[in-house]
Amino acid sequence: MMWSTHSWSWAGSGVIVNANGFILTNNHVVGNAKAIEVKLADGRRLKGTVLGTDPQTDLAVVKVDAAGLPTASLGNSDVIQQGDWVVAVGSPFGLEQTITAGIVSATGRRLTASPYDAFIQTDASINPGNSGGPLVNLRGEGIGIN
């Protein structure tokens with residue numbers, strides 16, 4: 001997913017969760033965007049509209065006008081355990097469709113006293129542009145957002 005703020009262009013990632021064009025990403029990926037352009041794996045570029053954001057959980061939903069899109073299979077992040085292998089998918093540094101692998105270093109990590117903090121910590125490489133992409137278990141199921 002690509003978006004622009006002012007005259008600068010930035011890149012982030014997202015995951016299609018509904019065949020009718022609903023994409024889950026991070027709030028900080030789209031938060032200040034003036035315009036959003038989503039580039040799909042097949043090369044299509046579509047205008048994106050932010051439907052909603054939640055700064056507290058750092059999540060956002062973007063909608064594109066498309067149907068029949070391939071969707072991510074979603075898994076259960078509650079069953080992930082320390083030592084499980086995971087894959088981070090995204091477009092770091094604007095490089096498309098990059099995959100890095102790692103292990104779950106810890107689960108339930110809390111950075112603040114917020115009830116929304118219970119992070120999965122991994123040693124899979126996460127670089128600028130990976131934000132908003134899925135963290136996937138070895139069954140190919142999305143279990144988190146990078």
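This is a predicted model: local features need pLDDT of at least 70, side-chain atom pairs count only at pLDDT 80 or more; totals for chains, interfaces and linings use all residues.

I started with Lys 39, which is partly exposed at 25% relative accessibility.

Residues are numbered from 1 along each chain as its sequence is written, and side-chain values use heavy atoms, with hydrogens and water left out.

**Salt bridges**

Which residue does Lys 39 form a salt bridge with? I found Glu 96, with the closest N and O atoms 2.6 Å apart. Lys 39 lies in strand 5 (residues 35-39) and Glu 96 in the loop between strand 9 and strand 10, so the pair ties together parts that are 57 residues apart in sequence. Glu 96 is partly exposed too, at 45%.

I wrote down the rule: a salt bridge is a side-chain nitrogen of Lys or Arg within 4 Å of a carboxyl oxygen of Asp or Glu. Side chains of opposite charge can pair when their charged atoms come close. The structure holds four salt bridges. Another of them joins Arg 45 and Glu 37, at 2.7 Å from N to O. Arg 45 is partly exposed at 44%, and Glu 37 is partly exposed at 32%. I also found Glu 141 with Arg 139, at 3.3 Å between the closest N and O atoms. Arg 139 counts as exposed, at 61%.

**Loops with a positive phi**

I went back to the loop between strand 9 and strand 10, where Gln 97 sits. Gln 97 is not a glycine, yet its phi is positive, about 50 degrees. Gln 97 is exposed, at 52%.

Asp 58 has a positive phi as well, near 60 degrees. I located Asp 58 in the loop between strand 6 (45-54) and strand 7 (59-64). At 21%, Asp 58 counts as partly exposed.

**The sheet**

Strands here are DSSP runs (E, at least two residues), numbered from the N terminus. Two strands pair if DSSP finds at least two bridges between them.

What is the strand order of the open sheet? I read 8-13-12-9-10-11 for its six strands, with mixed pairing. The edges are strand 8 (73-74) and strand 11 (119-122), each pairing on one side only. Strand 9 (residues 85-90) and strand 10 (residues 98-109) run antiparallel, joined by six bridges. Val 89 stands opposite Ile 99 in strand 10.

Notes:
Helices (H or I, at least four residues) and strands (E, at least two) are DSSP runs, numbered from the N terminus. Buried means under 20% relative accessible area, exposed over 50%, partly exposed in between (1.4 Å probe, protein chains only).
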